[in-house]
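Me: Hi! Could you walk me through this structure?

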Protein chains: 2
Amino acid sequence: MTDHPPFDLARFEKPSLTVDVVVFAMRESQLHLLVIERGIPPFEGRWALPGGFVLPRETVEQAAARELEEETGLKDVYLEQLYTFSTPDRDPRGRVVSVAHMALLPMDRLDDAVVGGSDARRAEWIALPEAIEKVEPAGLVTPGARPRKKREPREPHFAFDHDVIVATALARLRGKLESTTLAFELLPAQFTLTEAQRVYEAILGRAVDKVTFRRRLTQLELVEETAEMRRGAHRPARLYQAVPRDSHWI
Amino acid sequence: MTDHPPFDLARFEKPSLTVDVVVFAMRESQLHLLVIERGIPPFEGRWALPGGFVLPRETVEQAAARELEEETGLKDVYLEQLYTFSTPDRDPRGRVVSVAHMALLPMDRLDDAVVGGSDARRAEWIALPEAIEKVEPAGLVTPGARPRKKREPREPHFAFDHDVIVATALARLRGKLESTTLAFELLPAQFTLTEAQRVYEAILGRAVDKVTFRRRLTQLELVEETAEMRRGAHRPARLYQAVPRDSHWI
DNA sequence: TGACTTAGTTGCTGTGTGCAACTAACTTTT
DNA sequence: AAAAGTTAGTTGCACACAGCAACTAAGTCA
């Protein structure tokens, strides 16, 4: 905060402010990500995250929720602010600072998203291949102010720095997985413990032990039994639901 | 990202973009916070965080490092982006979005900060009383888009929403404490295990077990012995140093 | 009826945690 | 010089939890 009366604000050049949203959902036991194919330059034909400009009378979180609904039809999903990306040349059209968000869509609401419409801008669910995580995570100014590493030239799937944003979102999701109940946001209201385990495995990218997993969820009272069972090709599985709590933190 | 050629950016009203920095340091076994007393309205006489406007050719992290050095003389400290605050009326002078950062200053560098200078803008270290944490943490848009809670009117020590920013920084520091080696950033290059324990206790706000604490640090090889001892009023204590590693994550 | 698949449990072992009680080394007090 | 006080650091134990293997249970399918 520098110390001058109101007119002062105009003395400093203002960047454009946007939001971007990384929407995660489970689909066939794999973590998926919602992308939009860009219809016009720059980055025409590349994948981009849903997002847009922040309006004068809204917070960035409200802007993210609004843009998500406008562009994909999704509303009332878990939405969390992630990180602000501000490399001066991240958008070739000019100085654009973007506040990235992460959204989680329950797997029974996959079809709520308007995907593959006949618009110029098609939305699509893509599986999170390991290719995406090879990107360096979001930067930090650490002691010594080390120079910002240049990204190696590689197959550019994503527009702008959206590959870095996706990598940051995945890192955040992983980090919060064990200390919060965020994973339940990707599950239906009622789910089997095996379904829950698949979510953890998809996000962590490795197998987790069945016994340990079930013990944790039940002993910590994160889930409670329901009367219903899920019937399928084999032995029916008990349906559970998340225990309501104030915050997602365990 | 909305789809129009360059001139499009001007179609959307741009907010001012600032950074604020929450600087933590240990002082007399207590966690302290660097504040600046405002010399002019708005919020004249109240405490504010060091910070200022983001320049056109820098990232917000660079802006935070620059402003921190300009206002307090501190450089080469651990600095991490925290959260972006964007409530439309958070600054009475107009639309100002601020990207908050957290910085950690080693206790042997406390005097690097220009504190209590004869300027209009005095910097001061204040102990983190529990009063500060009574503030609600940074908001989230959660399912159902619940209405943003109004803050109760109370003794306003801080300018703007800086009390919320401080609370968010403390929450982040606490959250990362057990899963990272961030605590070492608050310690000198060489430190005793009791000094390290004091840092953890100050941040967590509770006593931690001596045996468990020492076992963890040594068994996880987070620290290594040095040859030196710290001599004082009583039995000398061995000095340790942090084991160098790629990231702060354990 | 038996093979197959998924659901769910039991039992053991190794590891980390919390607590109490101890020893060690120094300074200060008497 | 000895005793008291304070901080440093260790030992030992009980308990909780994680990982692993092996088991039982309940359905489908050939």
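**Talking through the model**

Reply: Happy to! Let's start at the DNA: a polar backbone atom of B:R238 lies 2.7 Å from a phosphate oxygen of DNA strand D. Keep in mind that this is a predicted model.

Me: Okay, and which elements give two or more residues to the surface near DNA strand D?

Reply: Those are α5 of chain A, plus α5 and β9 (237-242) of chain B. The most comes from α5(A), which gives five residues.

Me: Which residues come nearest to DNA strand D?

Reply: There are 20 residues around DNA strand D, and the nearest are A:A233, A:R235, B:K210, B:R214 and B:R238. You can see that both chains are in that list.

Me: What does the side chain of B:K210 reach on DNA strand D?

Reply: A base nitrogen: an N or O atom in the B:K210 side chain is 2.6 Å from it.

Me: What about the classes of the residues near DNA strand D?

Reply: The surface there has eight charged, six polar and six nonpolar residues.

Me: Now the other strand. Which residues come nearest to DNA strand C?

Reply: A:K210, A:R214, A:R238, B:A233 and B:R235 come nearest, out of 20 residues around DNA strand C.

Me: What do A:K210 and A:R214 reach there?

Reply: The side chain of A:K210 has an N or O atom 2.6 Å from a base nitrogen of DNA strand C. A:R214 has a polar side-chain atom 2.7 Å from a phosphate oxygen of DNA strand C. From chain B, a polar side-chain atom of B:T212 lies 3.5 Å from a base nitrogen of DNA strand C.

Me: Which elements give two or more residues to that surface near DNA strand C?

Reply: In chain A they are α5 (210-219) and β10 (237-242), and in chain B it is α5 (210-219). The largest share, five residues, comes from α5(B).

Me: And the classes of the residues near DNA strand C?

Reply: Eight are charged, six are polar and six are nonpolar. As for the DNA side, 61% of the atoms of DNA strand C within 4 Å of the protein belong to sugar or phosphate, and the rest to bases.

Me: How about its surface?

Reply: The accessible surface of chain A is about 12,100 Å², and carbon and sulfur atoms make up 51% of that.

Me: Is strand β1 of chain A enclosed or open?

Reply: Largely enclosed by the rest of the structure, because 11 of its 12 residues (16-27) are buried.

Me: Which way do β1(A) and strand β6 of chain A run, parallel or antiparallel?

Reply: They run parallel, joined by 10 bridges, and β6 covers residues 96-105. One bridge pair is A:F24 with A:L104.

Me: And what about β4 of chain A?

Reply: β4(A), residues 51-53, pairs with β1(A) in the antiparallel sense over three bridges. Here A:V19 has A:G52 as its bridge partner.

Me: What do β1(A) and β2(A) form?

Reply: A hairpin, with two residues between the strands. In the turn, A:E28 has a positive phi of about 55°. The two strands run antiparallel and are joined by four bridges, and A:R27 is partnered with A:Q30.

Me: What holds strands of a sheet together, in general?

Reply: Strands of a sheet pair through backbone hydrogen bonds, in either a parallel or an antiparallel way.

Me: Last one: what is the order of strands in the open sheet of three strands in chain A?

Reply: The order is β8-β10-β9, and the pairing is antiparallel. β8 (190-191) and β9 (223-230) of chain A stand at the edges with a single partner strand each, so one side of each has no neighbour in the sheet. Two bridges join β8(A) and β10(A), and A:F191 has A:Y240 as its bridge partner.

Conventions. Residues numbered from 1 in each chain as written. Chains lettered and ligands numbered in written order. Predicted model: local features only at pLDDT ≥ 70, side-chain atom pairs only at ≥ 80, totals over all residues. Heavy atoms only, no water. Near = heavy atom within 4 Å. Polar contact = N/O pair within 3.5 Å; in protein donor to acceptor, adjacent residues only side chain to side chain. Nonpolar A, V, L, I, M, F, W, Y, C, P; charged D, E, K, R; others polar. Buried < 20%, exposed > 50% of the residue type's maximum accessible area, 1.4 Å probe, protein only. Pairing = 2+ DSSP bridges. Areas by Shrake-Rupley, 256 points an atom, 1.4 Å probe, with all protein chains shown as cover.
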